[in-house]
Amino acid sequence: MTQHWIDIKNADVVLIMGSNAAEHHPISFKWVLAAKDAGATVIHVDPKFSRTSARCDFHVPLRSGTDIAFLGGLMKYIMDKDLYFKDYVVDYTNASFIVSEGFSFKDGLFSGFDPVTKTYDRKTWTFDKDENGIPKKDKTLQHPRCVFQMMKQHYSRYGIDTVSGITGVSKENLLKVWDAVASTGKPTKVATMMYALGWTQHSVGVQNIRCAGILQLLLGNVGMAGGGVNAMRGEPNVQGSTDHALLYDALPGYHSVPTTAWPTLADYLKANTPVTKDPKSVNWWQNRPKYVVSLLKGWFGDAATPENEFGYGWLPKIEPNVEYASLFMFDKMYKGKIKGGFIYGHNPAMSMPNTHKIRKALSNLDWLVIGEAHETETCAFWRQPGTDPKSVKTEVFMLPSCQRGEKDGTTSNSGRWHMWHYKGYEPAGDSKPMGWMVVEIMKGVRSLYKKEGGAFPTPILNADWYEQYDADFMAKKINGQFTRDVTIGDKQYKKGDQVPAFAMLAADGSTTSLCWVYAGSYGPGGNLTKRRDHTQTPMQAKIGLFPNYSWAWPVNRRIIYNRASVDVNGKPFNPAKTVIAWEEGKWIGDVPDGPAPPMADPKGVYPFIMHTEGFGQLFGPGRVDGPLPEHYEPAETPITANPFSKQMSNPCMKVAESDIDALAKNGDPRFPIVLTTYSLTEHWCGGGDTRNTPALLEAEPQLYVEISQELAKEKGVKNGDVIIIETLRGKVEAVAMVTVRMTPLTVQGKTLHLIGMPFCFGWTTPGCGDATNRLTVSVADPNTRIPEYKACLCNVRKADKVTELQR
Ligand SMILES: Nc1nc2c(c(=O)[nH]1)N[C@H]1C(S)=C(S)[C@@H](COP(=O)(O)OP(=O)(O)OC[C@H]3O[C@@H](n4cnc5c(=O)[nH]c(N)nc54)[C@H](O)[C@@H]3O)O[C@H]1N2
Ligand SMILES: Nc1nc2c(c(=O)[nH]1)N[C@H]1C(S)=C(S)[C@@H](COP(=O)(O)OP(=O)(O)OC[C@H]3O[C@@H](n4cnc5c(=O)[nH]c(N)nc54)[C@H](O)[C@@H]3O)O[C@H]1N2
Ligand SMILES: [Mo]
């Protein structure tokens, strides 16, 4: 989130799109309802009616996978009717930048597409530059190639009739949402946008979110109280785990993973450290070398020296253009190319797409170590129905893991609040925290390397490893420490002191930090994640900033890009809900995005400090699949013509192609229905935890499918009948829940049915059904590799025999 949970109450309009916030982020909803009580308009745009819809001013159903059409239409509406926040757009976004002549968009493709590799060469997605390399601008926004005019041109195809035809949303409903959101293009009106999986789990996932970024910039809603682009994060600590690089493509703190294209640290830093000659651009990532070197020092300690590039050479390097995301790891495993590995707190036999494939893939391993709190479908894949355990060669080791309540540690919530939690009771049985297991296993591995040597012992033996696992000690290491006595300005720090903030991190080896964004969480003042202090200044209290409660990354800033909440002289756009203000030569309110004076001051800076140029990106050349969002159909689509272009699906989408990864053709008459999948309030994700919690299982005991009354009638299905849902990948049994929550939509003049299913029921819980993910596609967004769980094609029929469900 650019904001935090409490800040939602400051919104005038709340657009919840692609999330069931009331059921899956109930804390967010407390503040949505507070906004509503204060007069905000709350809107839910979602294929399905849920408890979120029930508490909104209005719910608008749309066809799954058509959000870019819906939001592209809104962009056109805002630009055509001059409803954008002009000063903000001109001063703070790249609307005025002149796009290079070489850039073009034709037939659904941007310039530079290579049909063989299905990737773009992005060299034409650039701006005309002056002699200093600074982008040329036309502040009147009239230049035909300025970003604003290029956007107007791009979205001129997104008229209301076309948008209505493709999304299945009536024109009346479109206008209701568009008018409400567009009403916030004024300095004193703000909309917040809240999203989760309904946007991310598509082959155009990142571009869905880019739409929110673009709209919020057009309306001047980024940096403001009650504004922003708000990702409601998943698994209990998914924010923390991405900060610490649970992902294959990042090192902790959002640095690219090294590849063989960058053999030396110098190559790596050169490729990943942006430069600008514009004195007004902070270009924060110019500091990357300090963060990367501090990370390497944190990992390798005294062994990391300038002479050995701080151990950069010891890091594993991935191959550029080879896929490593979990979708493709399982693809490799299915193809027999992986021997063994570790799975902690993850139940892929339930939660990955096309689980027939995932389950077969697991049996191709020689060995598998699982850290779990329960015996899940992943632990027990070797004895699943239809499998003879004798035929499975995989040796499976189960490590009993203790639960959250049984260990100390931190969690980072969606609002980037980094919070300590205390152990409530001793771990049950032989169970242990995962951190303990990792420390102990590595100790064992290190002593074997010491004794026996090995192929490449250096990184293992040089790691600054730990004697024993201790959460407090790890929190200190994450923050970072000085490795020698240093003087910075008029302050002196001793070897071993905690680093006060990331501004003190250095590229010379004098500091460590296991994740630079967390530097300051455990500085000389102690562990700030334990703070539960409610005090705030009257100005902070107006917007509920609570700066002394826990600690937020970065540098305890609660609302990021807050320099965009003030005009160029530092006066708040919305004085009633001030985030920061420049008064008597200093900033008050939230921690500003850097201490420099406001933009109009001779020493002032542009507000979007994380972008090289310093401006909010309407035109965003950083994404691999286009600088402007474009509507493409999901990989499996019920229609045969895309009204926006000749290109049906995202040309760059990632597809795992094994012999059991079939995709239905566009408009395949065998599979005319769109299937979407989701979580339940009463269960957690793959259900490994919650199906083992009797009260929750009793509340939601078995797999069902939500189908409309109209579809039920067409198929001769009654509420409570068991039906078969079938796709090209597999079939699943579920109880029909005939409901008004799903509505048939009119798409391109024809009736289209959508159905929805939870994905938490699995065979280890007898009689509840089995993985919905046997139905889904191995297709992913090209930027993130998040699978397209939210739209595939299926058909339904009444079951003649019930085998998986208890009746
Ligand atoms: N109780 C409970 N809470 C949870 C979880 C849980 O399992 N149980 N899981 C946690 C995790 S890991 C996560 S990631 C989050 C997930 O939080 P959510 O994203 O809220 O979870 P989903 O159930 O996937 O709901 C997404 C919504 O998107 C809608 N949708 C589907 N396709 C589209 C589309 O194309 N466009 C739009 N606009 N909407 C669409 C669905 O109908 C659904 O209402 O929740 C977290 N919280
Ligand atoms: N069809 C469909 N599929 C989806 C989604 C969807 O919307 N639709 N959503 C996707 C999303 S967003 C997510 S996040 C994934 C989630 O799917 P998974 O990553 O598979 O997560 P869970 O199902 O929550 O499994 C977590 C496991 O960890 C165990 N566990 C709990 N606490 C601990 C602990 O402290 N230590 C250890 N070692 N284990 C513990 C639990 O018993 C549980 O089995 O599913 C994805 N799959
Ligand atoms: Mo998630």
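Predicted model: local features only at pLDDT ≥ 70, side-chain atom pairs only at ≥ 80, totals over all residues.
Reader: Why is lysine 477 called buried?
Author: Buried means under 20% relative accessible area, exposed over 50%, and partly exposed in between, with a 1.4 Å probe and protein chains only. Lysine 477 has a relative accessible area of 6%, so the residue is buried.

Reader: What makes lysine 477 and aspartate 464 a salt bridge?
Author: A salt bridge is a side-chain nitrogen of Lys or Arg within 4 Å of a carboxyl oxygen of Asp or Glu, and here the closest N and O atoms are 3.4 Å apart. Lysine 477 sits in helix 19, whereas aspartate 464 sits in the loop between helix 18 (458-462) and helix 19; helices (H or I, at least four residues) and strands (E, at least two) are DSSP runs, numbered from the N terminus.

Reader: Which parts of the chain does the salt bridge of glutamate 804 and arginine 774 tie together?
Author: The closest N and O atoms of glutamate 804 and arginine 774 are 2.9 Å apart. Glutamate 804 lies in the segment after strand 33 (792-798) and arginine 774 in the loop between strand 31 and strand 32, so the pair joins parts that are 30 residues apart in sequence. Glutamate 804 is partly exposed at 24% relative accessibility, while arginine 774 is buried at 6%.

Reader: Why is serine 391 called exposed?
Author: Serine 391 has a relative accessible area of 57%, so the residue passes the cut-off and is exposed. Serine 391 belongs to the loop between strand 13 (367-372) and strand 14 (395-400).

Reader: Where is phenylalanine 342 found, and is it buried or partly exposed?
Author: Phenylalanine 342 is in strand 12 (residues 340-344), and its relative accessible area of 44% makes it partly exposed.

Key. Residues numbered from 1 in each chain as written. Chains lettered and ligands numbered in written order. Heavy atoms only, no water.
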